[in-house]
Amino acid sequence: MHEEEWVEKLTKEGFKNVSVSRHGPNMVFGVHTHQEPSVHLVLQGELTFTDQQGTKTVREGGRIEFAAGTTHTAVCGADGCTFVLGFRR
C-alpha cells in the first residue's frame, strides 16, 4: 500500500490526526507519552520502542499501539524510518 492508503485505512479504523513522518538514521525520540491512544505503523526501515513492557523492534509493515499515557521511547534504525502515526479520541 502507498502512504496515502495507509493514512486512509487508519482513519477508517477511527484514528485522527493521522500523518506520515520521515526521519534519518538512529533518530531518537526520548521518553514521552501521548494523551490519546496511539498507533505507529512502519512503512520503511524500523523503529525500536521501549516501554514498561520491554523493548520491541517494529519493521516495515508492522504496527504497534499504545494506550493513552503510556511512557515510551523510540529509535529509528540505521537506515532511518518512515512511519504513519495516528491517535484515537
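**Reading a predicted model: cores, pairings and charges**

Me: Which residues make up the largest nonpolar core of this structure?

Reply: In soluble globular proteins, nonpolar side chains tend to be buried together. In this predicted model, the largest nonpolar core comprises 12 residues: Val 42, Leu 47, Phe 49, Val 58, Ile 64, Phe 66, Ala 74, Cys 76, Cys 81, Phe 83, Leu 85 and Phe 87. At least two residues of this core come from each of strand E3 (38-51), strand E5 (63-66) and strand E6 (72-87). The most is given by E6, with 6 residues. There is also a second, separate core of 8 residues, including Trp 6, Val 18, Val 39 and Leu 43.

Me: Is strand E6 largely enclosed or largely open?

Reply: Burial is judged from relative accessible area, with under 20% counting as buried. Because 12 of the 16 residues of E6 are buried, the strand is largely enclosed by the rest of the structure.

Me: Which strands pair with E6, and in what sense?

Reply: In a regular strand the side chains alternate between the two faces of the sheet. Here, strand E1 (residues 16-23) pairs with E6 in the antiparallel sense over 6 bridges, and His 23 stands opposite Cys 81 in E6. Strand E2 (residues 28-32) also runs antiparallel to E6, joined to E6 by 3 bridges; there, Phe 29 has Ala 74 as its bridge partner. The pairing of E3 with E6 is antiparallel as well, over 12 bridges, with His 40 opposite Leu 85.

Me: How many disulfides are found, and where?

Reply: For a disulfide, one looks for two cysteine sulfur atoms within 2.5 Å of each other. Cys 76 and Cys 81 form a disulfide, with a sulfur-to-sulfur distance of 2.3 Å. Both Cys 76 and Cys 81 are buried, and both belong to the largest nonpolar core. Leaving out residues up to four places away in sequence, Cys 81 touches Ser 21, Arg 22, His 23, Gln 44, Gly 45, Glu 46, Leu 47 and Cys 76.

Me: What should be noted about His 72, and is this residue buried or exposed?

Reply: His 72 is placed in strand E6. With a relative accessibility of 2%, His 72 counts as buried. A polar atom of the His 72 side chain lies 3.0 Å from the backbone oxygen of Thr 70. Neighbours within four places in sequence aside, the contacts of His 72 are Gly 30, Val 31, His 32, His 34, His 40, Phe 49, Thr 50, Asp 51 and Phe 66.

Me: How many salt bridges does the search of the whole structure find?

Reply: Side chains of opposite charge can pair when their charged atoms come close. The search finds 6 salt bridges. In one of them, Lys 12 pairs with Glu 8, the closest N and O atoms being 3.0 Å apart. These two residues are 4 residues apart in helix H1 (residues 3-12), and therefore about one helical turn separates them. Lys 12 is exposed, at 66% relative accessible area, whereas Glu 8 is partly exposed, at 44%.

Me: Which salt bridge links two strands, and which residues are linked in a network?

Reply: Arg 59 forms a salt bridge with Glu 46, with a closest N-to-O distance of 3.3 Å. Arg 59 lies in strand E4 (residues 54-59) and Glu 46 in strand E3, so this pair ties together parts that are 13 residues apart in sequence. Glu 46 is partly exposed, with a relative accessible area of 25%. The network of salt bridges links Lys 9, Glu 13, Arg 63 and Glu 65. Within it, the side chains of Lys 9 and Glu 13 meet at 2.8 Å, N to O. Lys 9 is partly exposed at 33% relative accessibility, as is Glu 13 at 26%.

Me: Where do positive phi values occur in residues other than glycine?

Reply: Most residues other than glycine have a negative phi, and most peptide bonds are trans. Asn 17 has a positive phi, near 45°. Asn 17 lies in strand E1 and is exposed, with a relative accessible area of 51%. Asn 26 also has a positive phi, near 60°. The position of Asn 26 is in the loop between E1 and E2, and Asn 26 counts as partly exposed at 48% relative accessibility.

Technical notes:
Residues are numbered from 1 along each chain as its sequence is written. This is a predicted model: local features need pLDDT of at least 70, side-chain atom pairs count only at pLDDT 80 or more; totals for chains, interfaces and linings use all residues. Side-chain values use heavy atoms; hydrogens and water are left out. A nonpolar core is a set of buried Ala, Val, Leu, Ile, Met, Phe, Trp, Tyr and Cys residues joined through side-chain atoms within 4.5 Å. Buried means under 20% relative accessible area, exposed over 50%, partly exposed in between (1.4 Å probe, protein chains only). Contact means heavy atoms within 4.5 Å. A salt bridge is a side-chain nitrogen of Lys or Arg within 4 Å of a carboxyl oxygen of Asp or Glu. Two strands pair if DSSP finds at least two bridges between them. A polar contact is a pair of N or O atoms within 3.5 Å; within protein, one must be able to donate a hydrogen and the other to accept it, and residues adjacent in sequence count only if both atoms are side-chain atoms.
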